[in-house]
Amino acid sequence: MLLSLHVKNLALIREEQVDFTDGLNILTGETGAGKSIIIGSVNLALGAKADKGLIRTGEEYALVELIFGLDNETQKRRLTEMDLPVPEDGTILVKRKIYPGRSQCTINGETVTLTQLRDISRLLIDVYGQRENGALLQKKAQLSLVDSFAGEQDEELRAKVRESCARYQDLKHRWETDDLDTAQRAREADLLAYEVKEIEEARLKKGEDDELEKEYRRLSNFRRISEAVSAAGSLGSEEEESAAGQIERALRDLNAVNGLDENLDSLAGQLSDIDSLLSEFGRSLSDYVDSLSFDPQHFQQTEERLNTINRLKDKYGPTIGAILEAGQKKQQRLEELENYDASRQKLKKDLQAQKEQLLGLCGELSKLRREAASGLARLLTKELLDLNFNQVDFHVEFASGEENLSAAGYDDVTFYISMNPGEAPRPLDKVASGGELSRIMLGLKTVFAGKDDIHTFIFDEIDSGISGQTAWKVATKMGRLAGTHQILCITHLPQIAAMEDSHYLIRKTTDGQTTQTHIKRLEDGDSVRELGRMLGTSEVTDAVLENARELKRKAAAEKGRKLPAASDL
């Protein structure tokens, strides 16, 4: 669940810190107070698009931090799979710092990309607003809902369909692009034969290019190596002025006073070791000099062999292994062309077999989807009736067949609904208003609440377009959903606000020079006064406050909570 939110230098917010609770967290405030900024800051922390206009005027950056408590082992496992640290206390710190032109994202102090941040957000929280309501009208989103309801078996089948479809598309592409006439086949075969011969005649061996590079580097720098060896060799010569000669003379002088001073004897021992090392170095260097030679013909052969290999690399691949693999593929293709009719028939047979396999998997997936759609329709109908629809006739229609074949299967689904007696069901996008879509979305979220691993939902004015008795039904549904989930809800409706487990007021202040947005958790008495304001009268009178208290008492009774004392309200 979302434990806390810290925002700094974002739009009208200078710096605000707020802790959230489990259950229903209600956010209210006057129009224009900055409620959208609060939810927007959460979205920013979770990877939404940011621009420099969000940074508070006069500041260098904006900062948003979220602290989550992990709710289940699935979340921990997925984070571990992403190679992200998971503290023993199960808390996740999501931090995003926004600068002009860029942003910096971290998870528990470890830098992540925006893509990773968005992937993580889908594990931790669901955000629903007017845009999500609109997405519900799209057939792709409707199919996704059916798949989600079907669960793990559906997911496994969809993975098999994707793999099968990829193989089918590859075979189909080969069939469509490999329809060659005699002249085209002859030209391609001639080129392949030349390329195969070129690779075979090179007689390449894996690793030989590395050895040749070393040998070429040694031979091309032979003069510099010889000069360096000659200079080094003078160290070990027996001449008086050489290093070896001077060390030998010094060692004789020290040995002459051996036993007179223990410290000096130790130094003499060290010098003796140096003399031995220098003698060993001299012998090794002498052996190297004996092996050092330059053969112009060998150098030329090495250079030519390297040029041959590098030319083949330019044509067929960056390594000898890649060149040899390319040669094998070209040989296979040449054999196909030489037996073109038989190869063509085999490809046709493989294509048909792959298509049949794909259609079989699509059929299994379609059957599973239809069963899931029936269960989804039954549960959603029940939830929508609880949300004050006069009647609900909801079902999912399928258009399935080869014409729809894709990596997602061959199903095209459409949600059909009738919400009034006497009206035949029609596609959802043809009949649902904004308020109806809000209730349908809430109904769907209630249906899915027990099927997903996400504990925290944000509803951004999901109550748009509803009022009266319907508002109370929506409030009741949301209150019950909050019994098992954490919900953050921005609302203008007192019926929903009264269901709160925690109530937060968002307000805007100004000193004439600057404007700031603040958020504060309300105690019961302040919550009643805020409800009074939301009831819409020009003055919050005692009668209005009593109405607000009654609304809270009714909400508490609906949720099965202990009623607050009258003095607290």
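**Exercise 1. Classify the accessibility of aspartate 386 and describe its link to lysine 477.**

Step 1. Aspartate 386 has a relative accessible area of 29%, so it is partly exposed; buried means under 20% relative accessible area, exposed over 50%, and partly exposed in between (1.4 Å probe, protein chains only). The model is predicted: local features need pLDDT of at least 70, side-chain atom pairs count only at pLDDT 80 or more, and totals for chains, interfaces and linings use all residues. Residues are numbered from 1 along each chain as its sequence is written, and side-chain values use heavy atoms, with hydrogens and water left out.

Step 2. Aspartate 386 and lysine 477 form a salt bridge at 3.2 Å, N to O; the term denotes a side-chain nitrogen of Lys or Arg within 4 Å of a carboxyl oxygen of Asp or Glu.

Step 3. Because aspartate 386 belongs to helix α14 and lysine 477 to helix α17, this pair ties together parts that are 91 residues apart in sequence. Helices (H or I, at least four residues) and strands (E, at least two) are DSSP runs, numbered from the N terminus.

Step 4. Lysine 477, with a relative accessible area of 7%, is buried.

**Exercise 2. Describe the salt bridge between glutamate 383 and lysine 477.**

Step 1. The N to O distance for glutamate 383 and lysine 477 is 2.3 Å.

Step 2. Glutamate 383 is in helix α14 (residues 340–386) and lysine 477 in helix α17 (residues 468–481), 94 residues apart.

Step 3. Glutamate 383 and lysine 477 are both buried.

**Exercise 3. Describe the salt bridge of lysine 214 with glutamate 211.**

Step 1. The closest N and O atoms of lysine 214 and glutamate 211 are 4.0 Å apart.

Step 2. Helix α8 (residues 208–220) holds both lysine 214 and glutamate 211, three residues apart, about one turn of the helix.

Step 3. Lysine 214 is partly exposed, its relative accessible area being 47%. In total, the structure holds 34 salt bridges.

**Exercise 4. Determine the geometry of the aromatic pair phenylalanine 149 and phenylalanine 448.**

Step 1. Rings of Phe, Tyr and Trp (its six-membered ring) pair if their centres lie within 6.5 Å; planes under 30 degrees apart count as stacked, over 60 as edge-to-face and the rest as tilted. The structure holds eight aromatic pairs.

Step 2. The ring centres of phenylalanine 149 and phenylalanine 448 are 6.0 Å apart and the planes stand at 85°, so the pair is edge-to-face.

Step 3. Phenylalanine 149 lies in helix α5 (residues 139–150) and phenylalanine 448 in helix α16 (residues 434–448), 299 residues apart.

Step 4. Phenylalanine 149 counts as buried at 12% relative accessibility, as does phenylalanine 448 at 9%.
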